[in-house]
Amino acid sequence: MIKAFGERARRWAKSVQTSGNVIAADESAFLDAILEGVRRRARGESFGLAMFLDEDPNRFTRAWAAKLLSSAKTFDERRGVCGAIMMGAVMVDGKRQAELGGIQGEAFAHARALWCLADSAVVVSEAAYTRLAFVLGRSHGSRTEVVQGDVTVPEPTGPALDADHVVIWAGNRSADEIAITLCALEELHIPVYVVCKGGRVPETIHRATVAQAEPLLRSAAAIVDTSDDQPGTALALARFGVPLAVARTSGAQEFLAGVSPYDGWNRDLVLAATLRALSSAAPTVIAVSSAPPLSSRAKSRDRRNGATVRERAPRVSVITPSYNRRTLLPRALESIKRQDYPSVEMVLVNDAGEEIADIAERFGATLVNRNENGGHGAALNSGIERASGEIIAFLDDDDIFFPDHLSSLVDALDLSRGVAAHADALMGIRGAPDELVGFSSGAVSGVDIEETLVVCPFLGMISAAIHRDVFREIGPFDTALSPNDDYEMILRIALRYDWIHVDRVTSLWSFGGEYTHWLQRTGVSYAGLYEEAYKRHPFPDRPLLAIRRREFVQNIRNKGGVVLNVTSSRLTKPARLKEEGPLGT
């Protein structure tokens with residue numbers, strides 16, 4: 001099953017065959033795709049991701065080339081515009097081409113969050129996957145190929161006819177999206193047809209619809225496929241046995257031998273590839289090996305990708321502090337109950353709030369009642385004292401684990417022989433108690449000890465699993481630093497042990513309120529808390545570190561809180577975690 005988000009992703013999904021559980025998304029709908037990914041991961045379902053993220057020149061060409069060319073009155077002026085685009089030298093309203101064509105920070109953050117949520121990648125083409133893995137900084141442990149095509153391309157109804165023209169194939173896309181290709185071929189003497197839907201077409205090029213295309217394709221001397229993000233269209237066009245020019249970024253060269261590649265933003269290369277195709281033979285299909293389908297459930301994984309089946313399962317005690325959040329608490333405990341790890345103890349700490357004994361009994365949790373409200377660190381310490389597990393994990397009452405959270409962390413500790421591990425987390429913006437109104441990219445990187453000497457490297461203790469002996473050796477949470485006690489503990493551990501990083505999103509850290517670019521405004525009081533943490537871990541022989549710390553604290557005071565560099569965005573409407581909703585197709 002493929003659930004697609006965005007028009008380009010939907011076009012691709014209609015022409016693909018796979019037995020896997022797949023989410024396909026393009027830049028216009030990454031946020032909605034994240035919601036679907038979170039829902040699946042919360043249910044314990046794995047999924048493969050097909051992502052469509054343009055190269056910057058393609059993005060600029062699609063959005064701006066037709067507008068720029070429309071102001072050019074002569075062919076020479078149009079060539080000049082194309083040359084400026086090719087050189088990256090265009091300026092529009094004071095903005096450079098690189099700015100106009102680059103992916104915006106918000107969309108990039110969403111792309112990376114979605115990429116890290118996925119269990120595996122659907123390989124549209126190897127070239128596209130390699131580029132995405134490099135840009136987004138992560139490779140998946142498994143990948144799968146799919147059978148691709150294009151249902152808009154007609155089937156040949158007879159033998160090839162006498163070749164006397166070139167066909168530019170855009171299918172149901174607008175001619176405005178391929179303006180440079182049209183400019184490149186308007187000077188050909190051989191007749192040129194473009195199959196498209198709407199948009200501006202040069203006077204020397206004939207327009208045709210998809211319904212009219214079949215005889216034109218059979219009688220073409222060459223076909224120029226303008227699809228720049230997937231190879232399925234080129235594979236469908238190759239059935240006509242006609243020489244074929246393809247966009248390099250489509251990945252068609254991996255599936256078809258004898259095609260002529262070009263870059264869609266380079267007029268000269270488009271023309272050269274077309275002329276080369278006119279003197280070439282028809283392409284042939286390259287045999288590719290089939291890949292196994294995606295698993296639909298997140299049960300067992302190899303050493304590189306999370307949880308494995310274990311002969312010995314050390315008990316994990318999950319400490320959940322709570323204070324007057326009866327509405328949110330059951331969702332958090334339910335996520336612990338759904339863990340695929342076999343030996344879990346729930347320790348619920350009521351930090352002198354409203355009665356929650358009934359909730360503890362419902363989930364089989366050990367309940368610790370504190371007589372007075374001591375704050376986050378004190379509640380965690382009370383939970384650790386009562387816990388019986390060899391490994392301690394933490395979950396606040398408004399957050400959730402995905403079902404493979406604990407097994408992924410325990411495996412990481414076992415395989416590394418480490419004592420402290422953390423996974424990645426996605427940040428969810430909470431509206432009503434059971435509603436999500438947006439997401440942020442969260443923390444998806446390992447611990448850099450130098451950065452940890454200044455600021456907390458990941459989202460508190462929700463991401464962590466720590467051997468109990470660590471607390472016996474270095475002591476409990478420092479309650480004088482609450483609510484910044486988790487940073488000091490993470491730093492204290494980092495100064496003595498390696499934090500093992502699980503390169504996988506395994507939890508959802510949620511927060512309420514109105515937050516802007518980076519997210520957590522925590523108040524001026526955090527300046528003093530960071531200063532106190534620095535005093536506990538001074539480095540008198542590190543003057544540059546001292547300067548960085550002073551600047552960070554001053555920045556907190558200047559901006560009224562810790563302003564972290566993460567982009568958050570809101571959904572078009574609130575969504576519940578458990579409902580499917582009308583998103584995607």
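Visitor: Is glutamate 186 buried or exposed?

Guide: In this predicted model, local features need pLDDT of at least 70, side-chain atom pairs count only at pLDDT 80 or more, and totals for chains, interfaces and linings use all residues. Residues are numbered from 1 along each chain as its sequence is written, and side-chain values use heavy atoms, with hydrogens and water left out. Buried means under 20% relative accessible area, exposed over 50%, and partly exposed in between (1.4 Å probe, protein chains only). Because its relative accessible area is 12%, glutamate 186 counts as buried.

Visitor: With which side chain does the side chain of glutamate 186 make a polar contact?

Guide: A polar contact is a pair of N or O atoms within 3.5 Å; within protein, one must be able to donate a hydrogen and the other to accept it, and residues adjacent in sequence count only if both atoms are side-chain atoms. At 3.0 Å, the partner of the glutamate 186 side chain is that of arginine 78.

Visitor: Are the rings of tyrosine 530 and phenylalanine 552 stacked or edge-to-face?

Guide: Tyrosine 530, at 3% relative accessibility, counts as buried. Its ring and that of phenylalanine 552 have centres 5.0 Å apart and planes at 80 degrees. Rings of Phe, Tyr and Trp (its six-membered ring) pair if their centres lie within 6.5 Å, with planes under 30 degrees apart counted as stacked, over 60 as edge-to-face and the rest as tilted. The pair is therefore edge-to-face.

Visitor: Which residues form one aromatic cluster with Tyr530?

Guide: Phe552 belongs to this cluster.
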